[in-house]
Amino acid sequence: MASASSTYQRRYDVFLSFRGEDTRNNFTAHLYEALCQKGINTFIDDHKLERGQVISPELFTAIENSLFSVVVLSQNYASSRWCLDELVKIVDCMKSRGQRVLPIFYNVDPSDVKKQRGIFGEALAKHDQESLENKGRMQSWKDALTQVANLSGWDSRNKNEPLLIKEIVTTILNKLLSLSVGDIENMVGLDVRIQEVEMRLCLESSDILMLGIWGMGGIGKTTLAKAVYNKIRSQFEMCSFFENIGEDLAKKGLIRLQQKFLSQLLEESNLNMNGLTSIKERLCSKKVLVVLDNVNDPLILKSLVGNQDWFGRGSRIIVTTRDKRLLASHGVFNIYEARRFSNKEAFEFLTHYSLKHELSIDDYMEFSREVLGYAQGLPLALEVLGSFLFSMTREEWRNHLNKLKCTPNLKIQEVLEISYDGLGYKEKNIFLDIACFFKRENKDYVIEILDGCGFFSLSGIRALLDKSLITIGSNMLMMHDLIQEMGREIVRRLSLEEPGERNLLWFHEDIYDALKRNTASEKIEGIFLNLSHLEETLDFTTQAFSRMSKLRLLKVYNSEDTWRNFKDTSNKEKCRVNFSKDFKLCYDCLRCLYLHGYSFKSLPSDFNPKNLVELSMPYSHIQQVLEKLKFIDLSHSKYLIETPDFSGVTNLRWLVLEGCVPLRKVHSSLGDLKNLSSLNLKNCKMLKSLPSSTCDLKSLEILILSGCSKFEEFPENFGSLEMFKELNADEIALTVLPSSFSFLRNLKAYAL
């Protein structure tokens, strides 16, 4: 399914519920202004409206059509029957529509609200005495107060009010930004599917239940799971939506996967785990809602949701997967099969794209009929085709539809490839590089690498976004599985029988075959070899690489290295590549060189890649290097005692020297790196100080010194770093910071 749905039209981001005489002209007014300044569409009741005994239909509608309700529980809140009726409606929407409710306890004790004591108890008692009508509503008022008081919110007592408002607005903004477009727009076809899933979840039961959502790629399993999750999450103590978990297992390993899983549920980001832990011990008493998305390995289920007794009564575990056998192997037989759009749903979905363009009724009907027949109800295919065909002229889209008719075997691969065919030459290169190498990589990092290849990647990525070939989430380049498979199949088709005749190689068996038999040709532009997939040592010889005159990208890595994080380069897998003593390759086109475990102390004497953008050599024996780069990673280099002269690498932006235990001296030319934004010296245990030229790093934002146990001196003028934002310096010898640290105006996070 391409996007989520619900039974209402969203009009507001936030509904504000408050007692006018308490906070209208102070706290609530300031909160409303701050929300609006951040572009958060907020409903606030006009104080000029005449208030009656019954809440107005207008307010009921506003509550129903809001994503969040913020309830300001002030001293006289419960004295207003209007406010109490609002609260009952808000709680009802929380339960029935999955609305998020955020309480603010404004100068009141949360326990007084929960238990209806003090001024809240007095107000309810007064209502009880006033009329029989109030008696009938009393229990619903009490229940609403109790339920809202149990929610996580803010206690304003003894807090700086402007800072509190800033924290509230930031929290709401982050929650809104975390919602995908599919959660709030173009809502098609999910109503009945959500109801069907809810029936299978048996939410009224206190039993622990697992549900599988199964179907082909692109059918909408993730969207459906998200819609259900957002609707019912308020009924659980702890919630976690773990997206693309199969990729996380492959790239991070089981321990880090379990750590991330527990961190999300416990809302604790600093869990320290050295081995597999018992999830049962942590969660057996908690009612949890867990969604594991895109599960592709039985180990994930075994390690994260092994048995039902791992979780508290009433817990629900939802698993989305393409593999029905995987569910059965874990004893999950309660399975919902995701299905394609009906013709009516597909037509409605396609209409979303037509609204942005002017088409005659006849043209639209002709267009829709052709597209619906071609896509055959697959939401992803409708999204891809609808996103670009509607923007064409009548002649253009008719021409494209005729092209579709000529495409044999109307399968998903061919549907998606139509978007690829519409790309320019450089855009195609960018797309294939992302599909084969850079999915889920940091966007800024990929732009630097691809710009170095002359691809004009900023405009190219924009084109890929416009054609629904990629998305960007948390600054990561994302791509649907089917689209990635389409791109890789295009590369495979270049030479079905001989991998060495293709331009990009990522599959370890293909790489092994091409290098072992010396069949790698001049067509090869990129090789990404995951060492964890090799079963035996592979020789890297000059002969094997001799014909690769166009090689742009060479990466030899372990699985965890693919998750680019310049603060964490930990990986202790052994290298399964043997570099021959005379190992050389053509450097002229090389932009990215990543060699895990490079076994020599220096690079070849003729190593002079003028166009290199990234040099990463974690766990190498390298002692010396000097290149014109933007990325240098020499982490865990066992023989690096002093850094090289940096005066020739003035474009450098990231420098990673983590785990270089023998490192004693950082060259004074460090100050020449005017573009350096991140410096990682974690666990350089022999390092005692930094050169005074460090104060010249005007672009430096992040410095990591954690574990530098002998570090005892910062440069005296360190406070002159205007862009500096984050310092991690725990477990160092220094106990007193220089006085100049008080001038670091942008410093947001530090650990000592």
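Let me start with arginine 653, which in this predicted model counts as partly exposed at 25% relative accessibility. Its side chain forms a salt bridge with glutamate 448, and the closest N and O atoms of that pair are 2.2 Å apart. Arginine 653 sits in the loop between strand S20 (631–633) and strand S21 (654–656), whereas glutamate 448 belongs to helix H23, so the bridge ties together parts of the chain that are 205 residues apart in sequence. Glutamate 448, for its part, is buried, with a relative accessible area of 11%.

Helix H23 also brings me to the next pair. Arginine 440, in the loop between helix H22 (425–438) and helix H23 (443–452), is linked with aspartate 248 in helix H12 (residues 245–252), and these two positions are 192 residues apart. Here the closest N and O atoms of the salt bridge are 3.0 Å apart. Are the two partners buried or exposed? Arginine 440 is buried at 8% relative accessible area, and aspartate 248 is buried as well, at 1%.

Lysine 231 is partly exposed, with 22% relative accessibility. The total for the model comes to 26 salt bridges, and among them are those that share partners and join Asp109, Asp155 and Arg157 into one network.

Five strands form an open, parallel sheet, in the order S7-S8-S9-S6-S10. Strand S7 (238–242) and strand S10 (335–337) are the edge strands, each pairing on one side only. On average, and ignoring direction, neighbouring strands of this sheet are turned by 15° against each other. Helix H11 (residues 221–232) touches strand S6 (209–214) as well as S7, S8, S9 and S10, and its direction makes about 165° with that of S7. Within the sheet, strand S8 (residues 288–292) and strand S9 (residues 316–321) pair in the parallel sense over four bridges, with valine 290 standing opposite isoleucine 317 in S9.

Finally, the chain as a whole. Its secondary structure comes to 27 helices and 25 strands, and 54% of its 752 residues are buried. How many disulfides does the structure hold? The count is zero; of the cysteines, I will mention cysteine 36, partly exposed at 35% relative accessibility, and cysteine 284, partly exposed at 37%.

Key: Residues are numbered from 1 along each chain as its sequence is written. This is a predicted model: local features need pLDDT of at least 70, side-chain atom pairs count only at pLDDT 80 or more; totals for chains, interfaces and linings use all residues. Side-chain values use heavy atoms; hydrogens and water are left out. Two strands pair if DSSP finds at least two bridges between them. Axes are lines fitted to C-alpha atoms, for helices over the stretch in contact, and angles run from 0 to 180 degrees between N-to-C directions. Contact means heavy atoms within 4.5 Å. Buried means under 20% relative accessible area, exposed over 50%, partly exposed in between (1.4 Å probe, protein chains only). A disulfide is a pair of cysteine sulfur atoms within 2.5 Å. A salt bridge is a side-chain nitrogen of Lys or Arg within 4 Å of a carboxyl oxygen of Asp or Glu.
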